[in-house]
Amino acid sequence: MIRPQVVRFRLEGGDIGYVRLTSFNEQTDVGLRKAIQAMRSQAGAAGLKGLVLDLRNNPGGLLDQAVQVSDEFLDQGEIVSTRARRPEDAQRWNAKSGDIAQGVPLVVLINGGSASASEIVAGALQDHRRAIVLGVKSFGKGSVQTVMPIPGNGAIRLTTARYFTPSGRSIQATGIEPDIEVLAQRQEATASIPREREADLRRALRNEGGVQQPAGAAIPKLELPPGIAEKVNRLPPEGAPAFDPTKPETDFQLQQATQLLRNLAAVQTPSRRAASR
């Protein structure tokens, strides 16, 4: 039995927790809990200033794990819902009380390879303004497949519903737009052939405008302290080394995420001290 390591983690600079989820299987939520507990212990008395949840190139996996991972950071409210042709077939999942990160600022990294369960997590945390979503638009796989047995030991996998974020946005063919766009490499800004996404696939299920996205479905406005968002750079500097997954120092998106969290901590710490006095 092979159990892939779906949760990887480390401390960035001793104060920012970094957790990468490569997929959503039966061990993802348990691994996430262990990772945050370990990093909190490693950070010592100073504690964590922020947390980065890396969902880049995560193709998804189990829905229940996406719900549980989202729930770890939310105290209440809807996480995701599915809607089918018949209203009575709709389903909704809600968060339970308790935030494993204890309110620590959170950045979620996404890119064109973040799909399905990854988009559910990013969309839920974005809609509740629990996290800042950073990177580039996700893949846009927001449909539900049901396996239906047929006589003769066969089965048909049929698309039966669509996923919706808490604010009522359909993920299908549109994906999750980041709050702050940051490109991994400068070449992405001028690429003649963009990365293929769900909407580009032959006979892909379309997002049918107002029918699938109800009027008034909108994300709450991102409110950051003045000047914080402006400090985030959209493009790597000229001559920056190509991204190498084995070398964190070449990960420009991660660098911008950690710097954003440190800038937030620098602004929030004085106000917290004043409040405690």
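**Entry 1: helix α3**

Buried here means under 20% relative accessible area, and exposed means over 50%, with partly exposed in between. I note at the start that this is a predicted model.

I went to α3 to see how much of it is covered. The helix is mostly covered, with 11 of its 11 residues buried. I listed the buried residues: A117, S118, E119, I120, V121, A122, G123, A124, L125, Q126 and D127. E119 and D127 are on that list of buried residues, which I flagged for myself.

Next I asked what the buried residues of α3 pack against. I found β3, α2, β4, β6, β7 (132-135) and β9.

Then I checked both ends. S116 sits in the loop between β6 and α3. At a relative accessible area of 12%, S116 falls below the 20% cut-off, so I count it as buried. Setting aside neighbours within four places in sequence, S116 is in contact with P59, G60 and K141. At the other end, α3 is followed by R129, which has a positive phi near 55°.

**Entry 2: the nonpolar cores**

I looked up the largest nonpolar core and found 39 residues in it. V19, L53, F73, V108 and L125 touch the most other members. Which elements supply at least two residues each to this core? I wrote down β2, α1 (28-43), β3 (50-54), α2 (63-73), β4, β6 (106-110), α3 (117-127) and β9 (154-164). Of these, α3 gives the most, with six residues.

There is another core apart from that one, made of 17 residues, and V107, L254, L260 and L261 are among them.

For L125, leaving out neighbours within four places in sequence, I get contacts with L53, S70, F73, L74, L106, V108, R130 and A131. L53, F73 and V108 in that contact list are also on the list of residues touching the most other core members.

L260 is in helix α4. Is L260 buried or exposed? L260 is buried, with a relative accessible area of 1%. Beyond four places in sequence, L260 is in contact with V107, I132, L134, I180, I228 and V232. I also looked up one C-alpha distance: L260 and I228 are 32 residues apart along the chain, and their C-alpha atoms are separated by 7.1 Å.

**Entry 3: salt bridges**

I got 16 salt bridges in the structure. I picked out a few to look at.

R262 pairs with D15, and the closest N and O atoms are 2.9 Å apart. What does this pair tie together? R262 is in helix α4 (residues 252-276) and D15 is in the loop between β1 (7-12) and β2 (16-21), so the bridge joins parts that are 247 residues apart in sequence. R262 counts as partly exposed at 25% relative accessibility, whereas D15 is buried at 11%.

E78 and R92 meet at 2.6 Å, N to O. E78 belongs to strand β4 (residues 78-83) and R92 to strand β5 (residues 91-94), so this pair links parts 14 residues apart in sequence. E78 is buried at 15% relative accessibility, while R92 is exposed at 52%.

E88 and R86 form a salt bridge too, at 3.9 Å, N to O. The cut-off for a salt bridge is 4 Å, so I kept this pair. E88 counts as exposed at 58% relative accessibility, and R86 is partly exposed at 49%.

I also came across a network of salt bridges that links R20, D54, R56 and D251.

**Entry 4: the largest pocket**

How many residues line the pocket? I found 34, with N111, V136, A184, E188 and Q253 nearest its centre.

β1, β2 and α4 each supply at least two residues of the lining. The largest share comes from β1, with three residues. I sorted the lining by residue type and got 13 nonpolar, six polar and 15 charged.

I put two entries side by side here.

How values were computed. Residues are numbered from 1 along each chain as its sequence is written. This is a predicted model: local features need pLDDT of at least 70, side-chain atom pairs count only at pLDDT 80 or more; totals for chains, interfaces and linings use all residues. Side-chain values use heavy atoms; hydrogens and water are left out. A salt bridge is a side-chain nitrogen of Lys or Arg within 4 Å of a carboxyl oxygen of Asp or Glu. Helices (H or I, at least four residues) and strands (E, at least two) are DSSP runs, numbered from the N terminus. Buried means under 20% relative accessible area, exposed over 50%, partly exposed in between (1.4 Å probe, protein chains only). On a 1 Å grid over the protein atoms alone, a cavity is a set of points where a 1.4 Å probe fits but cannot get out, and a pocket is an open set with protein on both sides within 12 Å along at least five of seven lines; lining residues have an atom within 4 Å of a point. Ala, Val, Leu, Ile, Met, Phe, Trp, Tyr, Cys and Pro count as nonpolar, Asp, Glu, Lys and Arg as charged, and the others, Gly among them, as polar. A nonpolar core is a set of buried Ala, Val, Leu, Ile, Met, Phe, Trp, Tyr and Cys residues joined through side-chain atoms within 4.5 Å. Contact means heavy atoms within 4.5 Å.
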